[in-house]
Amino acid sequence: MSKFACRCGYVMNLSNGAPSFEFALVPESRIEQIADKLDEPEHLDSDAFYGLVDEVRTTVYRCPSCGRIHVDGGNGLLNSFVPESLV
Ligand SMILES: [Zn+2]
């Protein structure tokens, strides 16, 4: 998926690296695990860091125009959530 059109009409281009509207949803427990590893004498390198994040991350897109949240279901589909202010 290189582009995604939000229901509001805003088109998100997903093929340009890590756009400002793309987020990684990471369990708090994994963040704590990574923080513990950063305190160890042998620090994580960036490959190990991204490995630990990518194992558990869920990709989320927040529409810059309307604020809808689109959660990547991992099956090629996005589950979309609407801010209550738009309902
Ligand atoms: Zn939108």
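Guide: Buried means under 20% relative accessible area, exposed means over 50%, and partly exposed lies in between (1.4 Å probe, protein chains only). This is a predicted model, in which local features need pLDDT of at least 70, side-chain atom pairs count only at pLDDT 80 or more, and totals for chains, interfaces and linings use all residues. Residues are numbered from 1 along each chain as its sequence is written, and side-chain values use heavy atoms, with hydrogens and water left out.

Visitor: How many salt bridges does a search of the whole structure find?

Guide: A salt bridge is counted when a side-chain nitrogen of Lys or Arg lies within 4 Å of a carboxyl oxygen of Asp or Glu. Applied to the whole structure, the search gives a total of 3.

Visitor: Which residue forms a salt bridge with Arg-30?

Guide: The closest N and O atoms of this pair are 2.9 Å apart. Helices are DSSP runs of H or I with at least four residues, strands are E runs of at least two, and both are numbered from the N terminus.

Visitor: Why does the salt bridge of Arg-57 and Glu-22 tie together parts that are apart in sequence, and how many residues apart are they?

Guide: The two side chains meet at 3.5 Å, N to O. Arg-57 lies in the loop between helix 2 (46-56) and strand 4 (58-62), and Glu-22 in strand 3 (residues 22-25), so the pair ties together parts whose separation in sequence is 35 residues.

Visitor: Is Arg-57 buried or exposed, or partly exposed?

Guide: Arg-57 also meets the side chain of Asp-54 in a salt bridge (3.6 Å, N to O), and a network of salt bridges links Glu-22, Asp-54 and Arg-57. Glu-22 has 24% relative accessibility and Asp-54 has 44%. With 29% relative accessibility, Arg-57 is partly exposed.

Visitor: What is the accessible area of the nonpolar patch formed by Val-82, Leu-86 and Val-87?

Guide: Leu-86 is found in the segment after strand 6 (78-81) and has a relative accessible area of 43%. Patch residues have over 30% relative accessible area and no salt bridge, with like charges joined within 9 Å and nonpolar side chains (Val, Leu, Ile, Met, Phe, Trp, Tyr) within 5 Å. Accessible areas come from the Shrake-Rupley method with a 1.4 Å probe, and for residues only the protein chains shown count as cover. Together, the three residues have about 290 Å².
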